[in-house]
Amino acid sequence: MKARCCLILHGYCKIGAGAHSSYRSLLVYHKASLVANREFWRLLTKDTIPLERLGHSFKRIDEMESMAEKTYKLVLDRYPTNAKLLKSYGKFLENVKNDPWGAARYYAEAEKQEELAESQAAEIRVADETSLAGMVDDKSALITIDANGIMQTVNKAACQLMGYKKGELEGKNVSMLMPAPFSIRHNSYLRNHITTGQVKILNTTREVVALHKDRYVFPVSLYVGKYSGDGADSVFMGIMKPVESDSEMIRAWMLTTGTMLCADQSFLDYAGWDPDELVGRAFSSLGVDSQELDDLIAMCARYHEDELAAGAVQISTNIKHKYADSVPVHIKFELGGTDTQRILVAQMRRRAETPAMATFDSKGRCLYANTLLASMLGHKVKDLRSKDISQLLPQPYGALHMKWFRDAEHMDPKHTPTSCRNSLTSVMLSSNGTPVHVKATITPVHSSPEHGFSF
């Protein structure tokens, strides 16, 4: 313990020259506290313990701990943001004072100061590059990687953007932030650049897709530049910013053959398809007229990137909803990705309002709910999809509806004129139990034992 703490004090406490005497005292008293504790425990291992010597040992521990405490406070008052000094004091509280809760506070402050220092250092490095001076702001996610793709530094904005903690990213391969197939191929692209020096994406800004910790894909604007070194010593810096979302737009990314790679969360709200269900599926299979979409995808190969961006390939059509009638969209195809891995991006603009909607199976369990309904009831979408109908209705209607779901195929709404199936105003319960008045339209899903309805 003594050697470890001394190493921390010698190696990490980078303080000013004017505080050298305080620093030397701090080191002496910290070591003396450890020695006093060690001697006390050695004394307790003996068969006979002189009372006078035991009292002297207690007194020595108190004196050294008190002096060390005062000296630490003196130095910390002058250097309150020194992360290594904060860590050292945390060690003192944990190992000498037996105060793990106090130590945890100083460890947390040390981590905060380290993140702040690294973020400022990264921004200073970027500011030194005239080509990057206008690209970085408070929302910019900054990540540096080595020639093997291992993340060296990650700023706070990057952690927030990707949903990870700092320790979950640093030391890991950056490919973990990419969906397939890009994650599989990224290391080979790096090796090719290191070996040949051929530049594909460096010093350009591209719209690509990133993979959040919660396993959903979202678009980001990415700039990659070489920060330092050459060959195997190269260090690269990536600057990411989230692409501004458009509530009226749905996006899907696919190979140039039309095989879907990923889609954004808007697909779930507007058409009922979970993005995970779409991976590997032919995009044309979502169209009411699949051949029409196949022909458009094939047509994209005839145009350059700027022609597609200008709207060379676009159409107004309908795509299938998983649980309801088809929904109208206007689709425009553009090129995305990098020079080595081109992808098609289907930009789909909604052409109809999205009603609040949920789908339940024959046992009353919620299979699907969109954001509008979740917001109306004060739930998170994820939480709402884990409930059953009895939890969303006041009693006794919640219990009665469980039976209705089982017998729905054999019941006639005319026999129950006050039922919600007759488009009358009904009551649902919000997350805090307050009533929410809705007018429901019940639509059976005949392709499966599920029953969907929209509000």
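In strand 5, Phe236 is the bridge partner of Ile145. This pair belongs to a predicted model, in which strand 1 (residues 141-146) and strand 5 (residues 235-242) run antiparallel and are joined by six bridges. Both strands are part of an open sheet of five strands in the order 2-1-5-4-3, with antiparallel pairing. Strand 2 (151-154) and strand 3 (204-211) form the edges of this sheet, each pairing on one side only. On average, neighbouring strands of the sheet are turned by 30 degrees against each other, direction ignored.

His186, which is found in helix 8, touches Ile145, Val174 and Met178, when residues up to four places away in sequence are not counted. The relative accessible area of His186 is 17%; because the limit for a buried residue is under 20%, His186 counts as buried.

Strand 1, helix 8 (182-196), strand 3, strand 4 (217-228) and strand 5 are the elements that give two or more residues to the lining. Helix 8 gives the most, with six residues. By class, the lining of the largest pocket comprises 24 nonpolar, nine polar and one charged residues.

A further open sheet of five strands has the order 7-6-10-9-8, and its pairing is antiparallel. Its edge strands are strand 7 (260-263) and strand 8 (314-319), each of which pairs on one side only. Neighbouring strands in this sheet are turned by 30 degrees against each other on average, direction ignored. Helix 11 (residues 290-299) packs on the sheet and touches strand 6, strand 8, strand 9 (327-337) and strand 10 (342-350). The direction of helix 11 makes about 150 degrees with that of strand 8.

Within this sheet, strand 6 (residues 249-254) pairs with strand 7 in the antiparallel sense over three bridges. Ala252 has Ala263 of strand 7 as its bridge partner, and Met254 stands opposite Met260 in strand 7. The two strands form a hairpin with five residues between them, and Gly258 in the turn has a positive phi of about 100 degrees. Strand 6 also pairs with strand 10, in the antiparallel sense over six bridges; here Trp253 stands opposite Val345.

Why is strand 6 described as largely enclosed by the rest of the structure? Six of its six residues are buried, so strand 6 is largely enclosed. In a regular strand the side chains alternate between the two faces of the sheet. In strand 6, Met249, Arg251 and Trp253 lie on one side and Ile250, Ala252 and Met254 on the other, and both faces are covered.

The second largest pocket has a volume of about 640 Å³. It is lined by 22 residues, with Gln265, Leu268, Asp274, Val381 and Arg385 nearest its centre. Helix 9 (266-271), helix 10 (275-278), strand 12 (366-369) and helix 14 (381-384) each supply at least two residues of this lining. Its composition by class is seven nonpolar, four polar and eleven charged residues.

Note on methods: Residues numbered from 1 in each chain as written. Predicted model: local features only at pLDDT ≥ 70, side-chain atom pairs only at ≥ 80, totals over all residues. Heavy atoms only, no water. Pairing = 2+ DSSP bridges. Helix = DSSP H or I, 4+ residues; strand = E, 2+ residues; numbered from the N terminus. Axes fitted to C-alpha atoms, helices over the stretch in contact; angles between N-to-C directions. Contact = heavy atoms within 4.5 Å. Nonpolar A, V, L, I, M, F, W, Y, C, P; charged D, E, K, R; others polar. 1 Å grid on protein atoms, 1.4 Å probe; cavity = no way out; pocket = protein on both sides within 12 Å on 5 of 7 lines; lining within 4 Å. Points joined across faces, edges and corners; volume = space filled by probe spheres on them. Buried < 20%, exposed > 50% of the residue type's maximum accessible area, 1.4 Å probe, protein only.
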